[in-house]
2 protein chains.
Amino acid sequence: MTGKAHKDHQAFAANDFAANDWVIPPNLTDHRLKSSIKGMDHHGNSLNLNIIHERAISLFLNGQEIITNMTIGDYPEYLAVGYLHNQRMLKPHERITAVEYDDELSLVVVRTDSPSDYEQKLKKKIHTSGCAQGTLFGDVMDDFDKIQIPLDENQQLDKVKLYNLIKIIALTPSLYLEVGAIHGCVLASHDRPLVYMEDVGRHNAVDKIAGYMAINHISGDDKILYTTGRLTSEMVIKSVLMDIPIVVSRSGFTAFGVELARKANLTLIGRARGERFMVLSAPDRIKI
Amino acid sequence: MTGKAHKDHQAFAANDFAANDWVIPPNLTDHRLKSSIKGMDHHGNSLNLNIIHERAISLFLNGQEIITNMTIGDYPEYLAVGYLHNQRMLKPHERITAVEYDDELSLVVVRTDSPSDYEQKLKKKIHTSGCAQGTLFGDVMDDFDKIQIPLDENQQLDKVKLYNLIKIIALTPSLYLEVGAIHGCVLASHDRPLVYMEDVGRHNAVDKIAGYMAINHISGDDKILYTTGRLTSEMVIKSVLMDIPIVVSRSGFTAFGVELARKANLTLIGRARGERFMVLSAPDRIKI
């Protein structure tokens, strides 16, 4: 997908990993994502600081408005497709024919080859739940319940590789390090980081990764997902729907997140900082 | 409201503030909020740890299902009423006649004296936005745009009191300190903390405070809201709709959050830790 030779099964020195080794690095060059403002510090002195923007971007699936997302605004096409994918609003047989982003109107339209089928479904959903968001516990959970992530012995991750991955991510200059107030998500192949997405909501960051994967036909079954955010049920469900077997967070986790991960046989790793971590489910994928 | 004498305009030693001085302290006694699970540490040893529960609770306004919220599940009535209040789904003239929580079915029904009026509105909203969540930028913003928080010189907050408040909150045993993976929100009267709510989402924690205020007829105009979460547009909008003039976070802030705070004349304080903080808008309310 990138032409880069990935030495997936060899550990490498984290310091050797360079900015241009990322398929998509943190988005530090798009100046529209941040701006400088004046504030006052605790001594009463004025100060200048860079802060992150958030914008409302509306998502349409064919003729139907789905949701307005608050996002930093980069990769709106990935966010749109990833959101629809992780909400199971795009069905496997449904083909995306176009993804159009209108910057002026702040909206994305995703067009598919079977619009009428979908719109009927949405009408039914609104009737039953009052909110497209509310379908998380309808179709999404039906699909989630069918997934059992297989355990492939060849895909066991050595903890040294995990430490490497965590170190590379920590050393990578990011929007978070520059302006704070956002979450990051990294798609990795073993200990090779590929794509670094950031957003005001951790669900947007992971949806942008899902959209990147869907549009570029990247499979999840040999990947690792790293997130700075907590491992709640929402994050676990999205990861499983993306077919990713190992999810790592530097933050904590909830009981329902752990329960769902165990049900789907997802390896859930929390509180991963430096050379410490906790495995909450499916520990067989980690080689200690 | 509590029978406690609040010495609002005198600083006091943070260490003197005791657990029973809270009107509602962190919810450490409800054992249903957490459970013990087994995990594996980075050495491969098994470990036991306490984790927080999240539950799906559905909210009905009269006969209409509004949303399913993922929440830790304490104070479902406050969460329901606060959500409706902050989404402007309860109009000023509308009187709540009952709030019923069904633990077995995990749903809250809020009943009002003008159900038919509301249901018509919701039908219109679904038609225009596809999702009740999406109305944030409809009615909510119309109301938000009308609010200019007045500057009352008698309500200027001395930074020493702010330090006191931050210290008390930091010293208070919380679910966060016990199990992690949740956000906290504190309603305070000057440097006197009153109510400490925690939840998996910072929006739920602030909605529970809004519900507490609405049900107990507590006004916001002489209060301070402290949150562990970031100051995004959503947090700023909710705070302004609650008539609270000063919002403090130990985390960062987004450009849109700051912009909205300046528009409404809300004092926004970010990165407040120990004796450091930044004031991003309406600094006149803070006495340095």
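This is a predicted model: local features need pLDDT of at least 70, side-chain atom pairs count only at pLDDT 80 or more; totals for chains, interfaces and linings use all residues.
Lys238(A) belongs to helix H7 (residues 233–241) of chain A and Asp207(A) to helix H6 (residues 202–215) of chain A, so the pair ties together parts that are 31 residues apart in sequence. Both partners fall under the 20% cut-off, so they count as buried: Lys238(A) has a relative accessible area of 5%, and Asp207(A) comes in at 0%.

Turning to chain B, Asp103(B) and Arg55(B) meet through their side chains in a salt bridge, at 3.5 Å from N to O. Here too, distant parts of the chain are linked: Asp103(B) sits in the loop between strand E5 (96–102) and strand E6 (107–112) of chain B, while Arg55(B) is in strand E3 (residues 55–61) of chain B, 48 residues apart. Asp103(B) is partly exposed, its relative accessible area being 34%, and Arg55(B) also counts as partly exposed, at 22% relative accessibility.

Another chain B salt bridge joins the side chains of Arg32(B) and Asp30(B), with an N to O distance of 4.0 Å. Asp30(B) is partly exposed as well, with a relative accessible area of 22%.

Back in chain A, a network of salt bridges links Asp30(A), Arg32(A), Arg55(A) and Asp103(A). Taken over all chains, the count of salt bridges comes to 26.

How values were computed
Residues are numbered from 1 along each chain as its sequence is written. Chains are lettered from A and ligands numbered from 1 in the order in which they are written. Side-chain values use heavy atoms; hydrogens and water are left out. Helices (H or I, at least four residues) and strands (E, at least two) are DSSP runs, numbered from the N terminus. Buried means under 20% relative accessible area, exposed over 50%, partly exposed in between (1.4 Å probe, protein chains only).
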